Structure formats: structure tokens, C-alpha cells
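Let us work through some exercises together, one step at a time. Have a look at the model first, then try each task before reading its solution.

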Amino acid sequence: MANVVLKDLRKSYGNVDVIKGVDLTINDGEFCVFVGPSGCGKSTLLRMIAGLEDITGGSLAIGDKVVNEVQPKDRGVAMVFQSYAIFPHMTVRENVEFGLTIAKATKAEKEAKVAEAARILQMEHLLDRRPSQLSGGQRQRVAIGRAIVRKPEVFLFDEPLSNLDASLRMDMRMEIGKLHKDLRATMIYVTHDQVEAMTLADKIVVLRDGIVQQIGAPMDLYHHPANLFVAGFIGSPSMNFLDVEVKGRDGDALVVSNGALDPVGVPSTLEATTGTRLKLGIRPQYLRPSTDTQAGKLHGTVTLTERLGSETVVNLRLTDDSALIAALGEDAIFDRGRNVSLSFDPTRAHLFFAE
Amino acid sequence: MASKLTQSNRAGWLFALPGFGLMVVFIILPFFFAISLSFTNQRLISPNPTEWVGLANYRQLLGMGMITLDAVTDESGQIVRDDTGAPTYPRLREYTRNNPDYPHLDGMKQWFSFGRGGEARTFVLARDLVFLTAVKNTVVFVLVVAPVQGGLALVLALLINQKLRGINIYRTIYFMPVVVSIVVVSLLWRFIYDGNNGLLNNILDFLSFGYFEPVNWLGNPKTAFGSIIGMSIWQAVGFHMVIWLSGLQTISPTLYEAAEIEGSSKWQTFRYVTWPGLRNTAILVLIVITMQAFGLFAQIDVMTNGGPLDSTQTIVFQAVERGYGKQDISGGSAISVLLFLIVLSISLFQRWLTRERT
């Protein structure tokens, strides 16, 4: 078991900076998720921790030992790849015990460790099969098994569920979560799926263009996003953003409004003067539409209603012609073309400077 | 677009005709010609009518016999020995020339002999010594060239399968001999192997500070075939390197990364990741080399003409030599048919080796 400490970690390919100085501490036994859109550098960062990519600048410490120049095998890490990377010509057993074979372990040791890994992952019946006879989920299980037998200090997962179909992904997600609780190992997990990030993580690191946007616990990020990008990235459906203008200050709150929004005071620490243009972020779940057009401060027309079963997503066109989404309880019925007003709790809304 | 032209069956055949016709005239007809000619006594140019001779050509080519002879003894029962102390044996000619007791050995010559314990010795006789030498040489050529050329090509492929600056220069250099005509290459190597002022002798002389005695590489029966083997390996190694390279590049890079994280050494990575991933490529390379090696001809024709003392005879060279050099087209055809059977059986063996396992 070990903690992982990144200090001003940098990576560039020639003149192109990919990772632009990441500071991060992952505690022993923590489940840390790197999340961000494609090309944000999250996989590169993981591969730098694994030792598959050279580190251009800064320092990387695993278990209080700087490992910048240490070979991957000596870093005490195991990695699970998106493409599984299991060896096609070996049986499941040979794949799982590969690390032990390389280390020239005895037969008895190999058998004991493989049996234990197979028990944890419930794949005893698969051990003598070949990878071509396995489904995607089973293959990923083999890849995880190969990681487990080495008893690494840090597990690295590089988008392990991306190649699986939706229902399998949910099962495997829960299993990985369970695995983390059973093994109590430090795990670093890369994904572009914010649902995986929210459900699995103790700590989420949101990355964009090689820069950390915010680090925090899942609900922390959800309720207190540090900037416009994090606010838009975390949560589904995404947060609504309205262009608003500051009308004045009222104690802790900034009073804002626009063509569709009556003036409302939103608590904020932003240094904004009257006339500044800001973005007002409101999560779809916190909007309450009403057929009474005077009940709320936002005004618009329903353009589409999508019933998902557990919730109903209502698309609206506001009076200033911008679009808005509201996510409501399952039985809310709003017909297309209906004029509505929407109310919301200003303490759950966020103000950001426009980027 | 469906027009009358693209839908017409006749138009299709007309378009195929030039290629198809050439294939019929130069590949398919000669193939059947060769088979039927091999059962006749047809000569290239001859006023005599062609006669059906059955398997006589094959009997001539493959006829072999064995005879075990006791050492010659004098009146007292002592074995007569020659100057070196080796026992002497009766002259084989007495058995192979007009001896009514040994009609099946008539016309044969000694190929090789081996002792059988005691002083008796078994002599293996062949009706067509040159052809059997050619078969032996060809088999030796295949057995040496297939593993050595294949292995060397793999080593080169591994070396150039790296991301290095200027790696394309090396790829080009290694591939260059393949695109040069084998006749040109053979001519050049004749200069390299030259006994008087050849490049090889000069280099060896230089490296050994003058201690090396110059060798007439192609003029000495002991070195001639080896020289041809060496030059042949060099010439085509680049081609097989490219095949290996394509095989190497089908192996997923993440497999190497997974092996690296697991702590695999270079050799272990090769053993557990690279080599298993190259299985199909390996079979292909070996089969292609084997097929090409059986067809060994141009080097012989340009460099040695089968000599010295028949030490560089090969099957194809014999087929050509006999069919056109000696105008014995039926004998040459029989050799071609035998070669076809050898290559066919290897090809079938390969199909069996690479069959889909259920």
C-alpha cells in the first residue's frame, strides 16, 4: 500500500505541452478518478505514473519514494488497459500468472495466487479457457486478475469499461468498487464517463488540456464546482448556463437578470460590478416549472418532453430565445408549446465569469 | 453503373482473355505437356518419332541399388589391405557391367558406401549420380537456407522495428538486394568470390594481417556450394525481413506495455509476446523460403554451371541442363514433375500444419 504524490508534473512532446504542471496527493487506499474529455491528458498522466511515458518535469513519488527514473516493474504498480491487453495465445490461467512466471515463481505459489485471484473475481470456471472464448466482461476480469496476483501497491485503470456494453459496464463498475473495498489498495482510475467518476471515486480530479480544474470528493464537485468547465462536466443532464448581467449587490448575493429572468439575488463571492456579464448555472434537477406563468422568475415555452421513466426531461425555450433543460420527477406532464415559469433555489445556483 | 458492357458475360471473358490466354499458353499447357513428355523419349529436336516409354525416365533418375561386399582376402585368408591399411574390395564394375547375376545393378555407379561392422561394406549405387547429387544439394540448400535465412530476417526485422532516427535508411539498405536482379547479384558475387583478386579474399587477407591463404571460393568443390548458399541467404533476407516486419506490426503495442509493467525482460517479452504473435508469419516465411530454395537455379547458372565436379548441381539446374543443354526434353520433364511432386507434398504438409483447429 502506498500513497502517490505528484509535484508540478509535466509532460511535453517536442514543443507540445500535454501535461502542464499537476500537483496532486493521492492517499494510501484512496480511489482516485481522473476524468475529463478526450485529449485532456488523463491517460497520459496515468501512463506517466505507470512508467510507460517519460516524465518531462516535476516529480512523482509512490510510497514516499521518487520514482521518476524507476522502471515500471519496480514501481509496484499494476495496470488494467482499455483493450484488456491479455495475451491471446495463453489460457486464462497463464495470463493471470504471467507476472509470476516472469518473476520465476514456484508452481505451488502460482497456483495458490491464481486460485485466490480467481476466487475474488469469481472466474474459477474460466481458468483453462482461451481469451478468444471469453466475452468482453470476462476478458476484463482476466486483466484485473493479472493485476491482482502481483499484489501491487497501486492499481492503475485506463478506461477499463469503455469497450463494454452498457449493462455490463454497470456490473463491472460495481465489482471494481467492491474490489477496492476488499483490497483496500490505492487505485487510480481514468475515465471520460462522469457517472463512473461519481460512483467510484473517493477523490475526483477533473482535467482539461493538461491542467487540473478541480480536485475533490464527488459531491463536493457536484455542489461546489470551481469553474464553468467542472460545473458543465459533472452531472447529467449537464448544468444549464444562462447569460446574465449583474444589476447590483445585495449583501452576500449578486443580483442578476436577463431577458427571461427576473432579477434574483444569487449568493456569490465573485468580484463583479454592476453591468458585468456572468454565467448563471442551474442544474436541471433544481428547476421547478409551473404552469402559473407568474410563479417563477424564469419564463419560457416547452419545446420537448422526454420521459425516461425515472425522470422526465423537459426542454424549454426561454423568452430571450436561449435553451434550458429541466429534469423533473417521473410523472410531471408538460405539453409542448405550453408557457411556463420556473422557480429555483438561488443558494443552489452558481455564478461564473464567462470564459 | 449497369451497362450492357459490364453485364455481358462475353465482354467479361474478352477482357480476361489476354491474361487468361497467356496463362494457358505459358503455364497450364506446359504443365500438362511436361507430365506427358516425361513418359516418352522425346528429344528437343529429333528426326525419330516419339515413343511411349512408360516410367523409364523415372527409373533412370531414381534407380538405386545396394550391394554388400566382403573384403578381398588372399590365399591364407588374410584381408588384403591398401597402403593406408584400409581393406580392399572387389571392383564394382564387375557387378554393374554386364554381370548376368546382377541385372538390376546394370549401369549403376557408386554413390557412397558405409561399413557394417566387421570388414563387409555396403555400397549404395545409383543409376543417375548427377541427379541424385542435385537432389542432395537442393535438400541441403533448403535445410540450411530456410532456418538461417528465416532467423536472420527475423533478427533484422526486430532491429529495424524501432522508432529511431533514419531507420528507413537501414530498411532500404537491407531490402536493396531483393530488388536487384538475381543475375546481376550473381555476377557481382562472382567478383567477390574470385580466387585471385576477389573482395572476400582481400578482406580476409586484410583482417588476418596476411595470414589467410586465398581461396578460389567457386572453383573448389569444398567451398563452391557453401559460397552459393551464403550469397543466396544474403540476397533474399531483406524480402523475408519485410514479411516478419509486417507480422511484428500486427502485435498490439499494449501487449508490450502490459509485459513491461509486469517486469518482463527483453528476452521474456520476445518469448511470451513477440514469438507467439508471429506464429502464422513464421509458417508463411518458412514455406516461402522452402519453395524458393527448391527453385534454386539462376545463381548456379551464372556462377558455377553446376561445377566444379558437380558439387553445385541442383534439381532445377539439372532439369534445364538436361532438357535444353542435352536436348533430352523428356528427361528434363521427368525432373520437373518430380520437383512438382516434392513441392506439392510440402505445400499439402503446410496446409495440414496451419489447418483450422476445432
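**Exercise 1.** Decide whether Gln122(A) is buried, partly exposed or exposed, and say where in chain A this residue lies.

*Solution.* Start with the rule: a residue is buried if 20 or more other C-beta atoms lie within 10 Å of its own, exposed if 12 or fewer, and partly exposed in between, with C-beta atoms placed from the backbone. Next, apply the rule: Gln122(A) counts as exposed because it has 10 C-beta neighbours inside 10 Å. Then find its place, which is the loop between helix 4 (107-121) and helix 5 of chain A. Helices (H or I, at least four residues) and strands (E, at least two) are DSSP runs, numbered from the N terminus. Finally, look at the backbone: Gln122(A) is not a glycine, yet its phi is positive, about 50 degrees. Most residues other than glycine have a negative phi, and most peptide bonds are trans.

Before going on, note that this is a predicted model, in which local features need pLDDT of at least 70 and side-chain atom pairs count only at pLDDT 80 or more, while totals for chains, interfaces and linings use all residues. Residues are numbered from 1 along each chain as its sequence is written, and chains are lettered from A and ligands numbered from 1 in the order in which they are written.

**Exercise 2.** Describe the peptide bond from Ser236(A) to Pro237(A), and locate Pro237(A).

*Solution.* Then locate Pro237(A): it sits in the loop between helix 9 (228-233) and strand 11 (240-250) of chain A.

**Exercise 3.** Which residues have the most contacts inside the largest nonpolar core?

*Solution.* Begin with the term: a nonpolar core is a set of buried Ala, Val, Leu, Ile, Met, Phe, Trp, Tyr and Cys residues joined through C-beta atoms within 7 Å. The largest one has 103 residues, and Val33(A), Ile49(A), Leu156(A) and Ile188(A) have the most contacts inside it. Helix 5 (residues 136-149) of chain A gives the most to this core, namely 6 residues. A second, separate core has 44 residues, among them Leu154(B), Phe225(B), Ala236(B) and Val337(B).

Now zoom in on Leu156(A). Two residues are in contact if their C-beta atoms, placed from the backbone, lie within 7 Å. Apart from neighbours within four places in sequence, Leu156(A) is in contact with Leu46(A), Ile49(A), Ala50(A), Val77(A), Ala78(A), Met79(A) and Ile188(A).

**Exercise 4.** How many residues of helix 14 of chain B are buried, and what do they pack against?

*Solution.* Count first: in helix 14 (residues 315-325) of chain B, 8 of the 11 residues are buried. Name them next: Ile315(B), Val316(B), Phe317(B), Gln318(B), Ala319(B), Glu321(B), Arg322(B) and Gly323(B). Their packing partners in chain B are helix 5 (129-160), helix 12 (279-294), helix 13 (298-303) and helix 15 (329-353).

Now check the loops on either side. Asp310(B) is found in the loop between helix 13 and helix 14 of chain B, and its phi is positive, near 60 degrees. Asp310(B) is partly exposed because 15 other C-beta atoms lie within 10 Å. Gln327(B), which follows helix 14 of chain B, also has a positive phi, near 60 degrees.

**Exercise 5.** What radius of gyration does chain B have, and what would a compact globule of 358 residues have?

*Solution.* The radius of gyration is taken over C-alpha atoms, and the globule rule is 2.2 Å times the number of residues to the power 0.38. The rule gives a value near 21 Å for 358 residues, but chain B has 27 Å. Along the principal axes, the C-alpha atoms of chain B fill a box of roughly 85 × 70 × 50 Å.

**Exercise 6.** How many residues of chain A are in contact with chain B, and how do they divide by class?

*Solution.* Count both sides: 16 residues of chain A are in contact with 14 residues of chain B. Strand 6 (77-80) and helix 3 (98-102) of chain A each supply at least two residues of the chain A side. For the classes, Ala, Val, Leu, Ile, Met, Phe, Trp, Tyr, Cys and Pro count as nonpolar, Asp, Glu, Lys and Arg as charged, and the others, Gly among them, as polar. The chain A side then divides into 12 nonpolar, 3 polar and 1 charged residues. For the complex, the predictor gives an ipTM of 0.82 and a pTM of 0.77.
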